[in-house]
Amino acid sequence: MKTIFYNIAGYTVAIETPDTAATVSVLPNFEPFRIDNPDEGKNRLFTLSGNTPLAESDKTQEDDFDWNGIHYTVYNTSDGKLVTMTFNGKAQTLCTTHDWKYLRTDMHLTEQHDAQFLNNFLIVAFGMATAPLHTLKVHASVIEKEGKALLFLGRSGTGKSTHSRLWREFVPDCSLLNDDEPIVRIDDNGDVWVYGSPWSGKTPCYRNEKARVAAFVQLYQSPENRLSVLPAREAFVSLFGSCCMMRTDINNKNQIFNTVADVLERIPVYRLDCRPDREAVSLTETLI
């Protein structure tokens, strides 16, 4: 077995595979994050091994839900958790230790038709493994300018990607950092950063870069443009509701809860009622 290393938001992710080239080709969105020397990453977050038979005798169902077109069934086991994903009549399984540091799957990790399963397994594992580490995986679109970033929050269809596109149209020297699942971290100095990730929804934006978070902005469609500061309670609901978590795992939810509270001690959340136009961009431009 050979090992591929990726550095995502400062964490090292390792994938053990029998065929490095084949696995790399299955994960083209991870290429900007690939590193040759694992010492370039701060910590080994987890190791994923493929082509492993998984025993399912000792398991108790914990959750059952649909997300991004895939059906998930989550089980508790004596060693950790077992996650089964079903899509188009095909099922694949991920088995993890309680701390999410060691993961095994029945996938070969070398087949193109496994790309969607593999990406989703890695999304889930990354979110769970980083939750105790002052890290959030957020559903947001991120615009960056001169090392500072705004994260646009909101339900699907509220215009997050549109507002980022309008920024790129009207604001010189800005760029899209991520359009769907950026990573937010509080560093050892208490500063809050947002990182690009290998997951960016329908927009192929896979940047291994970071920017200092200036503000979060909750978007609402409206016939008029208005920017206001969200009160503390509403700010918490906005950011917590935008974070990825395993809904039935109380420990995971508490970890996310605490990190969101710490982030909001440092970073404001605004509400933008807006039309998709230049004036709306002018309002959020003042925040950066």
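Arginine 278 comes up first. It counts as partly exposed, at 32% relative accessibility. Its salt-bridge partner is glutamate 285, and the closest N and O atoms of the two are 3.7 Å apart. Glutamate 285 is also in the partly exposed class, at 26% relative accessibility. One caution before I go on: this is a predicted model.

Stay in this region for a moment. Helix H6 covers residues 278–285, and strand E18 covers 269–274. Proline 276 sits in the loop between E18 and H6. Is proline 276 buried or exposed? It counts as exposed, because its relative accessibility is 63% and the cut-off for that class is over 50%. What does proline 276 touch, once neighbours within four places in sequence are set aside? It is in contact with Thr162 and Leu166. Now take leucine 94 as a reference point. Proline 276 and leucine 94 are 182 residues apart in sequence. In space, their C-alpha atoms are 41 Å apart.

Back to charges. Side chains of opposite charge can pair when their charged atoms come close. How many salt bridges does a search of the whole structure find? The count is 15. I will take two more of them.

Arginine 226 is partly exposed, with a relative accessible area of 40%. Glutamate 224 is partly exposed too, with a relative accessible area of 43%. Glu224 and Arg226 also belong to a network of salt bridges, linked with Arg271 and Asp273.

Glutamate 181 leads us to the pocket. The largest pocket holds about 1,500 Å³ of space. Its lining has 49 residues. Which of them lie nearest the centre? They are Trp67, Asn68, His139, Glu181 and Cys244. Several elements each supply at least two lining residues: E5, E6, H2, helix H3 (160–170), strand E16 (210–221) and helix H4 (232–242). Which element gives the most? Helix H2 does, with 7 residues.

Let me walk through a few pairings. E2 and E4 run parallel, joined by 6 bridges. Glutamate 16 has serine 49 in E4 as its bridge partner. E4 and E9 also run parallel, with 3 bridges between them. Leucine 48 has leucine 103 in E9 as its bridge partner. E8 and E9 run antiparallel. Strand E8 takes in residues 90–97, strand E9 takes in 102–105, and 3 bridges join them. Across that pairing, threonine 96 stands opposite leucine 103.

How covered is E4? Mostly: 5 of its 7 residues are buried.

Last, two loop residues. Alanine 9 is in the loop between E1 and E2. It has a positive phi of about 55°, although it is not a glycine. Asparagine 88 is in the loop between E7 and E8. It is not a glycine either, and its phi is positive at about 50°. Where they part ways is accessibility. Alanine 9 is buried, with a relative accessible area of 1%. Asparagine 88 is exposed, with a relative accessible area of 71%.

Terms used
Residues are numbered from 1 along each chain as its sequence is written. This is a predicted model: local features need pLDDT of at least 70, side-chain atom pairs count only at pLDDT 80 or more; totals for chains, interfaces and linings use all residues. Side-chain values use heavy atoms; hydrogens and water are left out. Two strands pair if DSSP finds at least two bridges between them. Helices (H or I, at least four residues) and strands (E, at least two) are DSSP runs, numbered from the N terminus. A salt bridge is a side-chain nitrogen of Lys or Arg within 4 Å of a carboxyl oxygen of Asp or Glu. Buried means under 20% relative accessible area, exposed over 50%, partly exposed in between (1.4 Å probe, protein chains only). On a 1 Å grid over the protein atoms alone, a cavity is a set of points where a 1.4 Å probe fits but cannot get out, and a pocket is an open set with protein on both sides within 12 Å along at least five of seven lines; lining residues have an atom within 4 Å of a point. Grid points are joined across faces, edges and corners, and a volume is the space filled by probe spheres set on the points. Contact means heavy atoms within 4.5 Å.
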